[in-house]
Amino acid sequence: MFHASEDSLDDLMRAVFKQLLNGRGNFQVESSKGNSTEAFGALLELKNPRARLSRSFSKAKAFSPLGELFWYLSGSDSVDFIKHYIPNYPKMIKDEVKASGAYGPRIFGENAQAKLDGVSEWDRVIRTLREREGSRNALVQIYDNSDAKPKNGDKPCTCTIQFAVRNKQLFMHTHMRSNDAFFGLPHDIFAFTMLQEIAARELGFGLGRYTHSVTSLHLYHDCTATEDRPANISTSGAKAYYREGFHDFSPMPEMPLGSPWSSIEHVKAAEQKIRTGNIDHTAPADLDPYWRDFIELFRIHKIFEEMRKRGDDLSTERSELRKVVKMMRDISPTYRIYILGRLDKKQSPVRDLFENLS
Ligand SMILES: O=c1ccn([C@H]2C[C@H](O)[C@@H](COP(=O)(O)O)O2)c(=O)[nH]1
C-alpha cells in the first residue's frame, strides 16, 4: 500500500509522482483510456486542507478547479458549462451534452434544487452532524450500482465523501475507485477540501485534516492524440514537475465565518452570467472579498477564453490585458501566479504591464 501525509497539495503530488515514476510495487495497466502505471490502494492525507492549490511552475492552476467546484455547487451535469473551464471534458467522457457521472446533481440535486429546498444529500449530512457530532453516518454515496450498467457512460470516479467531527474540527474523507494522479488528483483535492471548508463553516467547527483513499491511483503514459482520446503528457509532465524541486507554501485565505451559502448563491449567479457573456458583471457591494475574488477570477478567465478563441497574441499589450491588470490589483495576491500563468509575459510590453503591479 502507498501512503503519504503532507502539509500542502504540492508536497502530496511530489510524493505521489515519486512513487508512480520510481516506486516499488506498482502495476502496469492497460485501459481504454490509455496505459498507465498504478499504485493499487493509496491513502493520502492533506494536513492543511487550505494548501489546496499548487504553487508549481507547471501545475499552478486555479481557474479550472474553481470552475469545476462551481459546476458541482450548481448541481449541473451540463458539458457546455464544464468545458468552459476544462476544454477536453467532452473528449474525456465521450459526450458533448450531458456528464452522466457529474457529482453536483448527486450531492445537491439537479441544478441544486434539492439544496435550495433543504432536502439534498448535503443537507442530510449537515443535519446528521448537528444531531450527533460523533456520527459515522455523515456520508454521501456518489458512485451507484446502476452506474456500472451503461456501457460507455461517464461513471463517477468518486465512491463516497464522508464528514466527521473530531475534537470540534470537521474532518473529511473521500474514497475514489479511480484517480488520475496528474490531471484528476489536484482538481479533486481542491474541490473536496473546499466542500470540507464550506461544511465546517456551515456547522461552525474548525477545519480538520483531509484524507483521500484511492483504489487505483495511476499516471498515464505519454501518448499522441487518437480519434478516440486526446494526447496525454502526464508522465513527462510529472517528471518535469518533480525536477522543479520543492515549492513554496501558501495556503488559500480562510473562508469567512458563518454559513457561506448566501455568498455561494451570489457567486453561482455571477459565474453563470459571466460564463454566458456578461463579462462586466460585478459582485454585490456587500459580498465578502473572499467570495468576490472568485467572481473576479471568473471574469479574468472569461477574458482569457475569449482571447484564446479569437487567437489573440498574448505577448502584445491590449485593452483586455489592461483590464486584467486593473482587476488583479483588487484581488488577493494568492491568486496572482495563476493569472500570470495564463500570459506569455516574458517580453515587453506585457512584462512591464504586469511587473509594475503594486
Ligand atoms: O473526478 C475524477 C474523475 C475522473 N478521473 C479520472 C480517473 C481515470 O483516469 C478516468 C476515468 O476512467 P475510468 O476509471 O472510468 O476508466 O478519469 C479522476 O481522476 N477524477
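**Aromatic rings in a predicted model**

Modeller: Welcome! Phe70, Phe81, Tyr85, Tyr290, Trp291, Phe294, Phe298 and Tyr335 form one aromatic cluster. This is a predicted model, where local features need pLDDT of at least 70, side-chain atom pairs count only at pLDDT 80 or more, and totals for chains, interfaces and linings use all residues. Residues are numbered from 1 along each chain as its sequence is written, and side-chain values use heavy atoms, with hydrogens and water left out.

Biologist: Thanks! How many aromatic pairs does a search of the whole structure find?

Modeller: Rings of Phe, Tyr and Trp (its six-membered ring) pair if their centres lie within 6.5 Å; planes under 30 degrees apart count as stacked, over 60 as edge-to-face and the rest as tilted. Searching the whole structure gives 19 aromatic pairs.

Biologist: What is the angle between the planes of Phe17 and Phe182?

Modeller: Phe17 is buried at a relative accessible area of 0% (buried means under 20% relative accessible area, exposed over 50%, partly exposed in between, with a 1.4 Å probe and protein chains only). Phe182 is buried too, at 5%. Their rings form a tilted pair, 5.8 Å centre to centre, with the planes at 35°.

Biologist: And what is the centre to centre distance for Tyr290 and Trp291?

Modeller: Both Tyr290 and Trp291 are buried. They form an edge-to-face pair with 75° between the planes, and the centre to centre distance is 5.0 Å.

Biologist: Over which ring does the charged end of Arg14 sit?

Modeller: A charge sits over a ring if NZ of Lys or CZ of Arg is within 6 Å of the ring centre and within 35 degrees of the ring normal. For Arg14, at 4.3 Å from the centre, that ring belongs to Phe246.
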